[in-house]
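Visitor: Hi, could you walk me through this one? I'd like to go over a sheet and then a pair of helices.
Guide: Happy to, let's bring it up.

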Amino acid sequence: MRNDDVRSDPGRFTLLLQFIAFGAILLGLKLWLIHSYGNEVPFWDQWDAEAARLYQPFLRGELSWLELFSPHNEHRIFTTRVLGLLLLAVNGLWSPLLEMVVNAVLHVLALGTAVWLMSKAANKSSLPALLLLGLLLFGIPFGWENTLAGFQAQFYFVLLFSVLSIWWLVTAQALSRWWWLGVLSAITAYFSLASGVFALAAASLILLGRFVLISRDKRELAGAVLLLVLFLAGASATPVVAPHAQLKAVDARHFFEALSVVLAWPLQISPEAVKAASEWPLLKEWLLVMVRNLPAAVLVCCVIWKRPLRSNPVWFLVALAVWLGGQAAAVAYGRSNDALSSRYLDLHAMGVLVNLAALVAICTTSQRWLRGVAVVGGGLWLLATVSALADTAGRGLSAALAEKRDTSSVQESNVKNYLADKDGVKFRALPFLKLPYPDAGRLAGLLDSPDIRNILPKNLQAPLQPVALPPVEAAFERGGAYPSVPPCHCDFWGSFGAKADIGMGETFMRYDPSMAPVRTGAVFMLKVAGYPATAGRIDIIQGGKTRRLRFAKDPRETWVERYISVHPDQPFTIRLVDQSPMAWLAVSQPVPAGRFDPWVSAVLSHYGAFLGIGAAALGLLFLGWLRPGREKSLGASHQELAL
């Protein structure tokens, strides 16, 4: 017994390391993306779905629980609304950056769960390959729109709850306790995103197929009928948005052209390919679809032909393939002209991952004389897929991210200008995409609302003004920063002035936190640039105690965020000191911040630590791989499908 425990521990440790490596590296990459390109200004649907319809009635005590289930476009985003209210309550301010970080964790959790269940269904030894391809698919930011918008948790919720529901509905005994938990999870998926209803359809089809082919179990038939009824009820309750009719496929050919583009991704992703799709013969359009989905198609055919036992988890892979087909059809029909938009690529990428799991199941469970053919064909498929992913990543991805960052910066500046001068005429005259919402009048009305203004993110909050300004002869002056420093969209004081770096001295700015425009607590945010670590110092003085802001390195010609905690009812002083004739420093006026904003800033600025943890886990895995006498097991899983 003791020997068995010794042998099992290394396996569990290796499994843990694999998930640590996957989760830490993927989370680190997503945090890097948010840190480099994210902006805290709410964008587009957030102003309606969160500000107007969720936060405003919540703050007024007028939010009905039924409103949490009300339509948002074609969806009923209950889970995203609950998450948004929870984050607002714990943070005190509306923070899209906090939403982005939580969404990143949620996405990693959902992907880890999906990969783990797929490996159990295909072959336990397939886990490293699935994790590696998952890291490639989702580490490259194809779905950057979801990562860089706080209001996209629904795409991650639908993945998590759909995968869990399909597993429980397909592998558990029909009408058992776990099966009913699968029903609840499927309903939750539907109340995350409308296409979550396809989890019910996929499971119903599998149960009905097993009843006809192998089981003749009346419970499976009853379960299939119940799931079908729930699917039809969910589909009929899906809202129809009249203005979105122009976004839908106009006829069958339009639909199938869009569907072929979706099902072939990443083999045809370029805008040129999408534009030319209508000119291709139908056979050529679907050739790439057949190549990309060949493993899943072969697996489905083998399951139908060989009819594995009801308890065989390979049924889960078949159900996932059906579910992803439903997702693809929903996007192709509902957004036919924009089917390859970045926001949908997180779902499309799951199709590639499921095909790899199907490929592993075929290669490891087929008869020996067919295994060589399957391995060679699978290798060619994998090579084509990875090559297409690399080609896709090089087509305008970095330019799109840079455009998003620059556009968000302009939008932040314009919103802050309106909050400062209330010039509605100039605000409404701004061109399209110069504002984070398409209707300038509607946005101005929301910004004028005291309820919304009081919870705006910290970068849109009015700064706390000093009780007395520094004397004119002080070394620090308003806007005193090196010319190459990027705009901070803030009011700041710095020591780079008429004398350039030569100016030295100190100044004191006294603040009364009770006069803050928003009373969120005792946390304030400062933006700092220059050389505070080597050229001077920044002290916070309150109640006779002095605290120095520490910097591991100088921010130089960039802005970094620093947070201070003060007593909310006692005045405090910020002392700025420049003691070097060769350098300068600049500090913004403090602005109210949320309770979790310091944590978010620290997590984003230390994305490299997550990458380091993942790299260390990979190193340990590599050392284990070199271990003499390690077990080499590439055999079939505990329940084989004899192909």
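**The sheet and a helix pair**

Guide: This is a predicted model. In it, 4 strands build an open sheet, ordered E3-E8-E5-E6, with antiparallel pairing.

Visitor: Which are the edge strands?
Guide: Strand E3 (505-511) and strand E6 (545-548) are the edges, and each of them pairs on one side only.

Visitor: And what does the twist average from one strand to the next?
Guide: The average is 20 degrees per step between strands.

Visitor: Back to E3: how many bridges does it share with strand E8?
Guide: There are 7 bridges between E3 and strand E8 (residues 572-578), and the two run in the antiparallel sense. As for a specific position, Phe 508 sits opposite Arg 575 in E8.

Visitor: Nice. Now the helices: at what angle do H18 and H20 pack?
Guide: Helix H18 (residues 397-421) packs against helix H20 (residues 440-448) at about 55 degrees, and their axes are 11 Å apart. H18 and H20 are therefore oblique to each other.

Visitor: Is the crossing left-handed or right-handed?
Guide: Right-handed, as H18 passes H20.

Visitor: Which residues meet there?
Guide: From H18, Val 415, Tyr 418 and Leu 419 come into contact with Ala 444, Leu 447 and Asp 448 of H20.

Technical notes:
Residues numbered from 1 in each chain as written. Predicted model: local features only at pLDDT ≥ 70, side-chain atom pairs only at ≥ 80, totals over all residues. Heavy atoms only, no water. Axes fitted to C-alpha atoms, helices over the stretch in contact; angles between N-to-C directions. Parallel < 35°, antiparallel > 145°, perpendicular 65-115°, else oblique. Left-handed = near helix turned anticlockwise from the far one by under 90°. Contact = heavy atoms within 4.5 Å. Pairing = 2+ DSSP bridges.
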